[in-house]
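Here is a short briefing on a predicted model.

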Amino acid sequence: MTEREKMLAGMLYDPADEEIMSEQLTYKDKLYEYNHLRPSEAARRVQLMREMFAECGENNYFEAPLNANWGGHNVYLGSNIYANYNLTLVDDGRIYIGDWCKFGPNVTLATPGHPVLPELRRGRLLQFNKDIHIKDNVWIGAGAVVCPGVTIGENSVIGAGSVVTRDIPANVVAYGNPCRVKRKISRLDRERFFRDERIDWREIEKQDLR
């Protein structure tokens with residue numbers, strides 16, 4: 001097998017392989033252009049996102065700078081996704097992001113890992129990749145890190161600064177290092193949006209009608 005075939009199969013491989021490096025650079029050039037657009041160049045931003053990502057739905061907006069090891073080439077986006085500054089997509093493996101997801105500043109989604117065995121790291125650049133799945137309507141708070149192979153279920157919230165090393169189910173609030181489920185999303189979340197501050201549903205319904 002070639003190193004590229006090993007990479008796609010989730011096996012140990014050499015990421016410094018000449019074929020891999022040459023292909024990777026072509027995608028990173030588009031990312032460079034994306035990060036140097038003026039804020040007013042919205043149409044070009046949308047066009048570049050469609051060229052950069054493996055799949056890209058509608059109404060996605062990623063604040064610059066955006067960091068991606070393969071320029072987003074291995075990232076599959078749904079629609080209505082918002083990412084704040086410094087989202088890092090270490091997309092040597094595939095990253096799948098569903099509809100209506102939100103990312104705080106400085107979030108990292110990292111698909112690669114390296115062998116724990118010391119002799120496989122000394123003098124070698126061996127690496128493996130495991131896909132990440134972020135399901136619909138997930139919110140990941142500022143500074144969180146999602147590790148290789150993790151799936152986060154729909155509607156769940158990951159607290160700021162969390163390190164997500166294992167799968168998180170749907171419809172929960174989870175945080176910490178390592179990230180753990182703290183509670184389910186409940187009726188109380190329909191009543192309050194922050195501590196004891198209550199949700200004004202009448203005002204929200206008025207906004208929906210505009």
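Val 172 stands opposite Lys 184 in strand 18. Strand 17 and strand 18 run antiparallel and are joined by four bridges. The hairpin of these two strands has four residues between them, and Gly 176 there takes a positive phi near 115 degrees.

**Strand 17 and strand 15**
- Strand 17 also pairs with strand 15, in the parallel sense, over two bridges.
- Val 157 has Val 173 in strand 17 as its bridge partner.

**The largest pocket**
- The volume of the largest pocket is about 970 Å³.
- Its lining has 24 residues, and those closest to the centre are Trp 139, Val 157, Ile 185, Asp 189 and Phe 193.
- Strand 15 (157–158), strand 17 (172–175), strand 18 (180–184) and strand 19 (192–194) each give two or more residues to the lining.
- Strand 19 provides the largest share, three residues.
- By type, the lining residues divide into 13 nonpolar, five polar and six charged.

- Four strands make up an open sheet with parallel pairing, in the order 3-6-11-14.
- Strand 3 (75–77) and strand 14 (151–152) are the edge strands, and each pairs on one side only.
- Strand 11 (residues 132–134) pairs with strand 14 in the parallel sense over two bridges.
- Across that pairing, Ile 134 stands opposite Ile 152 in strand 14.

How values were computed: Residues numbered from 1 in each chain as written. Predicted model: local features only at pLDDT ≥ 70, side-chain atom pairs only at ≥ 80, totals over all residues. Heavy atoms only, no water. 1 Å grid on protein atoms, 1.4 Å probe; cavity = no way out; pocket = protein on both sides within 12 Å on 5 of 7 lines; lining within 4 Å. Points joined across faces, edges and corners; volume = space filled by probe spheres on them. Nonpolar A, V, L, I, M, F, W, Y, C, P; charged D, E, K, R; others polar. Pairing = 2+ DSSP bridges.
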